[in-house]
Amino acid sequence: MPHDLAAALCLVLVIEGLVLFASPRGWQSLAREALKMEPRRLRIFGAVAMAAGLLFLRLVH
């Protein structure tokens with residue numbers, strides 16, 4: 001189990017790194033827009049992203 005968690009975290013870093021590498025200006029623009037949003041809305045987006053990730057993980061396993 002710890003090995004799977006470490007592998008998953010490494011994949012997250014790879015995916016985030018790909019986004020930064022492929023489109024740094026797009027990422028900066030997205031970060032600027034996120035700064036304008038209310039914290040509540042960001043939390044909702046985070047919760048939806050987590051739920052979607054858990055759902056996809058469940059479907060894959």
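This is a predicted model: local features need pLDDT of at least 70, side-chain atom pairs count only at pLDDT 80 or more; totals for chains, interfaces and linings use all residues.
The largest pocket is lined by Asp4, Ala8, Leu11, Val12, Ile15, Leu57 and His61, where a pocket is an open set of points on a 1 Å grid over the protein atoms alone, places where a 1.4 Å probe fits, with protein on both sides within 12 Å along at least five of seven lines, and a lining residue has an atom within 4 Å of a point. Residues are numbered from 1 along each chain as its sequence is written, and side-chain values use heavy atoms, with hydrogens and water left out.

The volume of this pocket comes to about 200 Å³, taken as the space filled by probe spheres set on the grid points, which are joined across faces, edges and corners. Helix α1, residues 2-22, contributes the most to the lining, with five residues; helices here are DSSP runs of H or I with at least four residues, numbered from the N terminus. By class, the lining has five nonpolar, one polar and one charged residues, with Ala, Val, Leu, Ile, Met, Phe, Trp, Tyr, Cys and Pro counted as nonpolar, Asp, Glu, Lys and Arg as charged, and the others, Gly among them, as polar.

Aspartate 4, one of the lining residues, sits in helix α1 and is exposed, at a relative accessible area of 52%, given that exposed means over 50%, buried under 20% and partly exposed in between, with a 1.4 Å probe and protein chains only. Its C-alpha atom is separated by 31 Å from that of alanine 34, which lies 30 residues apart from aspartate 4 along the chain.

Let me turn to the salt bridge, defined as a side-chain nitrogen of Lys or Arg within 4 Å of a carboxyl oxygen of Asp or Glu. The count is one, and the partners are glutamate 33 and lysine 36, at 3.3 Å from N to O. Both belong to helix α2, residues 24-36, and they are three residues apart, about one turn of the helix. Glutamate 33 is partly exposed at 42%, whereas lysine 36 is exposed at 64%.

Finally, which residues form the nonpolar patch on the surface? They are Ile15, Val19, Leu20 and Trp27, with about 380 Å² of accessible area together, by the Shrake-Rupley method with a 1.4 Å probe, only the protein chains shown counting as cover. Patch members need over 30% relative accessible area and no salt bridge, and nonpolar side chains (Val, Leu, Ile, Met, Phe, Trp, Tyr) are joined within 5 Å, like charges within 9 Å. Helix α1 gives the most to this patch, with three residues, and leucine 20, which lies in α1, is partly exposed at 39%.

Definitions and conventions:
Helices (H or I, at least four residues) and strands (E, at least two) are DSSP runs, numbered from the N terminus.
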